[in-house]
Amino acid sequence: MNGHCDETVNGDVTGFHCNNGFSELTIDTKKSAVLRKHETSRKGAEDESRLPALEAAYTSILRELGEDADRQGLLRTPLRAAKAMQFFTKGYHENVYDILNDAIFDEDHDEMVIVKDIDMFSLCEHHLVPFFGRVHIGYLPNKKVVGLSKLARIVEIFSRRLQVQERLTKQIAMAVSEALQPKGVAVVVEAAHMCMVMRGVQKLNSRTVTSTMLGVYREDPKSREEFLALMRHV
């Protein structure tokens, strides 16, 4: 089998264009790293520029609650809270295609892939209190698979935003479907909501379960049941 690779150099980017008779592959060995570094730096600068306003807002909240924002224990609390909130919502600055990068692979695998018990932490957009639990993701490949850790990263992107569980479940499923174009995607999220535990009805043991089924998991009851059975018992 004959093949060839042509190298091109453009500034900080070295590119290789390869043809082996079956497929063509273009690899930018430095470009993606440079772009990621730029985006990370830009995001960091934006966070720093917004910190004073967030800090002032938390100071105002403490005072309106009747607290002395100048007492020792609270002196740095507004700054800490501001930085924490930026971390809790860092998913707004991330997107699926950046984190998937080069982790989608051609693979002739046509059986179910399931990643269970992915830890998830998010903030309820109604009360800004946490909900947390586990995410289970399954998909039926269509000649492409993804690095398994990337499924957990997709969960992280959408959970680190102000959310409702129903929307979070669908966003995860749609992201996997759009990235891989599989035959089907199934996502189940189980979570405890602090808005039901710390306030309101105050039910300590309640859990909320949501699901999104796409493709064969929605159309074929046997595929759906197989996923649900494996999710529960394996």
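**Figure 1. Overview of the protein chain in the predicted model.** The secondary structure of the chain comes to 8 helices and 10 strands. Of its 234 residues, 37% count as buried. Among contacts between residues at least 6 apart in sequence, 63% join residues at least 24 apart.

**Figure 2. The open sheet of 5 strands.** The strands follow the order β8-β5-β6-β9-β10, and their pairing is mixed. Strand β8, residues 162-163, and strand β10, residues 208-215, stand at the edges. Each of these has a single partner strand, so one side of each is left without a neighbour in the sheet. Strands of a sheet pair through backbone hydrogen bonds, either parallel or antiparallel. Here β5, which comprises residues 113-124, runs parallel to β8, and 2 bridges join these strands. Within this pair, C124 stands opposite Q163 in β8.

**Figure 3. Two helices on the sheet, α4 and α5.** Helix α4, formed by residues 148-159, lies across β5, β6 and β8. Its direction makes about 20 degrees with that of β5. Helix α5, formed by residues 165-180, packs on the sheet and touches β5, β6, β8, β9 and β10. The direction of α5 makes about 25 degrees with that of β10.

Figure 4. Helix α4 has 12 residues. From its first C-alpha to its last it reaches 18 Å, close to the 16 Å expected at 1.5 Å a residue. Which residues of α4 are buried? They are K150, L151, I154, V155, I157, F158 and S159.

**Figure 5. Two cysteines without a disulfide, C124 and C195.** How many disulfides does the count come to? The count comes to 0 disulfides. For C124, the nearest cysteine sulfur is that of C195, 4.4 Å away. A disulfide requires sulfur atoms within 2.5 Å, and C124 is in no disulfide. C195 is likewise in no disulfide, its nearest cysteine sulfur being that of C124. C124 is buried, because its relative accessible area is 6% and the cut-off for burial is under 20%. C195 also counts as buried, at 13% relative accessibility.

**Figure 6. D47 and R50 in helix α1.** Helix α1 comprises residues 31-64 and contains R50; D47 is found in this helix as well. R50, at 44% relative accessibility, counts as partly exposed. Leaving aside residues up to four places away in sequence, D47 touches Q86 and H93. With those sequence neighbours again set aside, R50 touches Q86 and H93. R50 and Q86 are 36 residues apart in sequence, and their C-alpha atoms are 9.4 Å apart in space.

**Figure 7. A polar contact between D108 and K143.** D108 has its place in the loop between β4, residues 104-106, and β5. K143 lies in the loop between β6 and β7. Which residue does the side chain of D108 join in a polar contact of 2.8 Å? The partner is K143, through its side chain. D108 is exposed, because its relative accessible area is 62%, and the cut-off for exposed residues is over 50%. The C-alpha atoms of D108 and V145 are separated by 8.8 Å, although these residues are 37 apart along the chain. K143 has a positive phi of about 75 degrees and is not a glycine.

**Figure 8. Q202 in the loop between α6 and β10.** Helix α6, residues 194-197, and strand β10 stand on either side of the loop that holds Q202. The phi of Q202 is near 50 degrees, a positive value in a residue other than glycine. Is Q202 buried or exposed? At 51% relative accessibility, Q202 counts as exposed.

Key: Residues numbered from 1 in each chain as written. Predicted model: local features only at pLDDT ≥ 70, side-chain atom pairs only at ≥ 80, totals over all residues. Heavy atoms only, no water. Pairing = 2+ DSSP bridges. Helix = DSSP H or I, 4+ residues; strand = E, 2+ residues; numbered from the N terminus. Contact = heavy atoms within 4.5 Å. Axes fitted to C-alpha atoms, helices over the stretch in contact; angles between N-to-C directions. Buried < 20%, exposed > 50% of the residue type's maximum accessible area, 1.4 Å probe, protein only. Expected span 1.5 Å × (residues − 1). Polar contact = N/O pair within 3.5 Å; in protein donor to acceptor, adjacent residues only side chain to side chain.
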